[in-house]
Amino acid sequence: MAGENNSYAIECNKWSIYWGSFLVKKKKVKSLKHENNVLIPFSAFFPLSLVNEVYEIDDTIQGLQQRLRDAEDVLQALLHTKANLEHELAVKANSLFIDQEKCMGMRKTFPNTLRLVGYT
């Protein structure tokens, strides 16, 4: 279940990054238009608040990308731990099978502790 939550979080981060970069591109295109629908060249002066907002959005996208990388790293670590635990569980199940099927018959022929101590 934790793996599903991490996969969901990773997908949400990917979509956030995609839409964030889309919005930055959309804002840049909108900023090229003047109020009279006359295109302003790239070299023209943009309002400082708009430039700061673009930098802030870019920083947010970079933060989301970092969170995405971190979430993917955590997911990989969880998958590795899950594989190790499944392997250990298989080994223990095999050990129990060997103990019950192969050794139990031989063990039943030996006297138990109470008989060895002399209580019965």
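These legends accompany several views of a predicted model.

View A. The chain has 3 helices and 0 strands. From the N terminus on, its elements run α-α-α.

View B. The mean pLDDT of the chain is 75. Of its residues, 62% reach 70 or more. Helix α1, residues 2-31, has the lowest confidence, with a mean of 63. Helix α2, residues 48-109, has the highest, at 89.

View C. An unreviewed UniProt entry places the feature "coiled-coil region" at residues 61-88. In the model, this stretch is 100% helix and 0% strand. The C-alpha atoms at the ends of residues 61-88 lie 40 Å apart.

**View D. Surface and burial.** The chain has 120 residues, and 12% of them count as buried. Its accessible surface comes to about 10200 Å². Carbon and sulfur atoms account for 61% of that surface.

**View E. Contacts across the sequence.** This view concerns contacts between residues at least 6 apart in sequence. Of these contacts in the chain, 71% join residues at least 24 apart.

Conventions: Residues numbered from 1 in each chain as written. Predicted model: local features only at pLDDT ≥ 70, side-chain atom pairs only at ≥ 80, totals over all residues. Heavy atoms only, no water. UniProt positions renumbered as here; feature names shortened; annotations may be inferred. Helix = DSSP H or I, 4+ residues; strand = E, 2+ residues; numbered from the N terminus. Buried < 20%, exposed > 50% of the residue type's maximum accessible area, 1.4 Å probe, protein only. Contact = heavy atoms within 4.5 Å. Areas by Shrake-Rupley, 256 points an atom, 1.4 Å probe, with all protein chains shown as cover. pLDDT = per-residue confidence, 0-100.
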